[in-house]
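Good morning, and thank you for coming.

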Amino acid sequence: MRALLCSFFMILALASASTAETLDRLREISAGFVTKDYGQVQATAEALAATGDARVATALSALRGGDLRFRKSDKQVFRVEKVGRDYALFDPFTGEAMGQAGSRETSKIKVNNAIRNAIDGLLGGLTLRADDPAIRLDAAEALFKSRDPGALAALGSAIEAETDGSVRDAMREARASILLASAQNEPQALIEAVETIRARGGQDALGLLAQIGADYPEPVQEAAAQARRGIEQSLMLWGYGQSLWQGISLGSVLLLAAIGLAITFGVMGVINMAHGELVMLGAYTTFAVQEVIRTSAPHLFDVSLLIAAPLAFLVAGAVGVAIERGIVRYLYGRALETLLATWGVSLILQQAVRTIFGPNNREVGNPSWMSGAFELGEMTITYNRLWILVFALTVFVLLLLILKRTPLGLQMRAVTQNRAMAADMGVRTAWVDAMTFGLGAGIAGLAGVALSQIDNVSPNLGQSYIVDSFMVVVFGGAGNLFGALAGAFTLGIANKFLEPLAGAMLAKIAVLVFIILFIQKRPRGLFAIRGRAVEN
Amino acid sequence: MLSRLLDPRTAIFMAIMAALTIGVPVLNGAGLLPDYLVPLLGKWLCYAILAVALDLVWGYAGILSLGHGAFFALGGYAMGMHLMREIGPRGVYGDPILPDFMVFLNWKELPWFWLGFDSFPFALLMAMLVPGLLAFVFGWLAFRSRVTGVYLSIITQAMTYALYLSFFRNEMGFGGNNGLTDFKDVLGFDLQSGSTRAGLFVLSAVLLMLTVLVCRAVVTSKAGKVLVAVRDAESRTRFLGYRVEGYKLFVFVLSAVIAGLAGALYTPQVGIINPSEFAPAESIMVVIWVAIGGRGTLIGAALGAVLVAAMESWLTGVAPELWLFALGAMFVLVTLFLPKGVLGLFGAGNLPAFAKRSEVPA
Amino acid sequence: MNALRTTEALLYLDDVHRSFDGFKAINGLSFAMKSGELRAVIGPNGAGKTTMMDIITGKTRPDTGTVLWDGSVDLTREDEADTARLGIGRKFQKPTVFETHSVEDNLLLALKDDRGVLATLFARTSKAQAARLDELLALVRLSDRRKDLAANLSHGQKQWLEIGMLLAQDPKLLLVDEPAAGMTDDETMRTADLLKDIAGAHAVVVVEHDMEFVKALGCRVTVLHQGSVLAEGSLEHVSADPRVVEVYLGR
């Protein structure tokens, strides 16, 4: 009975698919709702959907929600809204008000879960004809997942009519997905569907193909197995891509944390153990800026980081200059003592922040332009990580320019190479020392702004980066900014490629052991300056 | 020979230690010293031994190890493993062989590296051998390649950091995050009883005295003079025909073995050993003990350890938020104003002054 | 063993090259010394004098070339401690003594003896060694300062102490880098006399800038320029060489 009705309405629908549907025709079909037979209700809904008329959507939504009733007296179908004890009646397709009726006068068109599910698929099919391509695309994706065979016809006509290439592809994939749901379909059509799914690729395609079991014809099974291998291979490549991206992202974080250290350690030969705490100060500056903005100028939230960055540079830089003037300058030439004294400073800074801001994590928000992610093939790239990469490279280039193109940079290099001669030539070496240290510290502050976007802002923030950033500098070779660059990205990428193999912690341990061994071979790092001048 | 080992200051130190060795158990027995202080004092003495070990390499050979806590912790774990085996079927799960944490992890048999630790002498041997071996391999690689100065410091830090992360892993088989604890007794002596604790204190005091004597013997020998020569002018020492790496390796391994022993005594007195002992910050603490006491003096290091540990106990009791400020200030002030440490305050003219020289690796 | 012996010279360098990041510090250097010979090496800055000494003592490895000791030992395979044990002593331009050791201990450390860790750990100073120390202290005129820290010596005294340490090593070859730098005229002449005394029992290579000092040594002179030998012979002979005059003496 149901199959018969179904095919009857199908033919009816197809026959008129190309012409504009008249309202009368829709009403004619909807008369099928006046029944207690669930099968007939579903068939009627499918027939309505098959017309492809956009007005059907309202009626089907109402049916799904139990808001579709028929008047007992004339068997006319209405969409209803409850008004007190009565119902307000509306035309199910046009929404035109049709008066009121008491609850006894109408009867509800009952639906069960099977029908609700079917309607979901049908609604997907209906929106296949929407004007907005994004909605059509969503509809196709919904069908790909729901695999409702009832939507095949609508899908077929939608593919015919579709003008947008990517939407059409999505629709074809949806059709292939639906076809593959049943082993009973034509083997040739199934094999073509497998091909379509294979071209789509990705994890859900893989899952779909995995459902093709022994009940499918032999050649289809073979094609599916082959397709799965192909997809797995490309997924693996995308996996490498994702690891690479994560590695680059970690590398950019390491670069930010290490670059300031490369200046103080590399250029000045000073071990600054408080470097991590300067990073932390940068993060707390960001927090403070956002607090002020939240309370007094919420509309500025999206630019909070742009305000925080220069402030963090200044705060950390000022603390850096204070450390240099107050402690480090008395210890030049005694690197190990500097290490101890700055460690002391790091403890004081940690405790000071803990006392002022409390020991718990502080919430630093992402501005809207740093929230969310986009897909690149099978890779997910979050905007905050992307911006941090851009930021790290920008800071790197700016620093290079400062060192190579500004008077301060020239004086810094002069003092590094020959302090006495630089002093004789009128360079204020003490001032240069303070500025160099301040510059390194300021960059640590900038790193803090970036890290506040991806890590917990707590008094321990700096501690978690200090060992890693030392590793970067030691690995890359002190005194060379490009060494820090190469070191950061090498270690970041190595870490992320080892992680899937060994787990996060073992990967980190492996990298540490590697560096310990590497130092044996190149005691001065990857980009060491060689020659007699350095040895003495 | 004895006069060479016992210069006046060392002699005073030995006398005080001898008095403590006898006095603490006696006073405790007489009820004049509260019970909780005995293991606390014993713990401080273990720190003192560790500090002397570090002073041997830093004060005399110029090797600033930022990873000495690792050797200490390894020794502590070796003893902890024995103590775990000693628990036997008295654990929460009552397994006669497997420690509780292994039962919890659903392990069926003891991992191979736990075998033998039911024997006390074996555990004691391992408490020296494992740190010694690690120091040998690490030092052999590092010193042969002439990794010196801050580079050496940083990779020693990387070493302890790698171990720190490793011991956190449950799969390592050392109790993960929680470490080893709930010990019951050692060699049949109840660890909670006053007399066992007094005994452990006496052992710690004796080990400290022995450590100071052994280290004195090393530093007053001609080899000790070579070490100081290496510290002050490594390159020159090579040109005299000395194998600098051999001397460094010897003293580094010796120091690690002593640190391991200190750790082995530490675990039963504290009642727990966990990965936090490997934390880089713990190793830097050892450095500040030595710096505050006065490096290159041995007994100064011991003094510094006890002073700082006592201060930590007191200050974290009365004003915990002040402790890190005080510790940080100590680091800064000592390096700036007390390069010879507290012991340097007591006009020690006969000490080899710590040379003012560039420690940028030559 | 004699089959390996390719040269009678105590020290023999042939066609040695070494460059640092493209800069050719040593470029085809050939050089030979007999036992007991005194030789002065002169040359302008950057001529390769220090690098040559680094190569001989094993501090720097040559890129190519032969460096033979006593006719048979390949010095390019040895490090500083090895070459010192073979009998090559080196004195640096800047006096480097162990500042936190006493004068006596400085000499004791240099004294020819077993250099192993175990040996030094249990070493006792023998009567013969004590006597040799007294002798050396007298020779370098530091007997009355034997208990003082080396750090407290004057610059000239440190130079002498270092020479004393060299002698204590009893090397077959001494490499002496600018011994007269920073000395008074009187000290300079006494140093020249001392080196002449040492030569004969030991071979001595003196690198020097001070022409008066070289003249006082009265020995064969080798002129280095751009990493190779420009001229060799008596001071008069090389002074007359127009190329030498151009690159060095004429300035």
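In chain A, the centres of domain 1 and domain 2, taken over C-alpha atoms, are 30 Å apart. Domain 1 covers 26-114, domain 2 covers 127-216 and domain 3 covers 239-535; these bounds come from an automatic or database domain assignment.

Please note that this is a predicted model, in which local features need pLDDT of at least 70 and side-chain atom pairs count only at pLDDT 80 or more, while totals for chains, interfaces and linings use all residues. Residues are numbered from 1 along each chain as its sequence is written, chains are lettered from A and ligands numbered from 1 in the order in which they are written, and side-chain values use heavy atoms, leaving out hydrogens and water.

Let me turn to the interior. A nonpolar core here is a set of buried Ala, Val, Leu, Ile, Met, Phe, Trp, Tyr and Cys residues joined through side-chain atoms within 4.5 Å; buried means under 20% relative accessible area, with a 1.4 Å probe and protein chains only. Which residues touch the most other members of the largest nonpolar core? They are B:Leu208, B:Trp289 and B:Leu327, in a core of 273 residues. Helix H3 of chain B (residues 37-60) gives the most to this core, namely 16 residues; helices are DSSP runs (H or I, at least four residues), numbered from the N terminus. Apart from this core lies another, of 34 residues, including A:Phe144 and A:Ala176.

A:Phe144 is also in contact (heavy atoms within 4.5 Å) with A:Glu173. A:Glu173 lies in helix H8 of chain A and is buried, at 14% relative accessible area.

How values were computed: Helix = DSSP H or I, 4+ residues; strand = E, 2+ residues; numbered from the N terminus. Buried < 20%, exposed > 50% of the residue type's maximum accessible area, 1.4 Å probe, protein only. Lists of a residue's contacts leave out its neighbours within four places in sequence.
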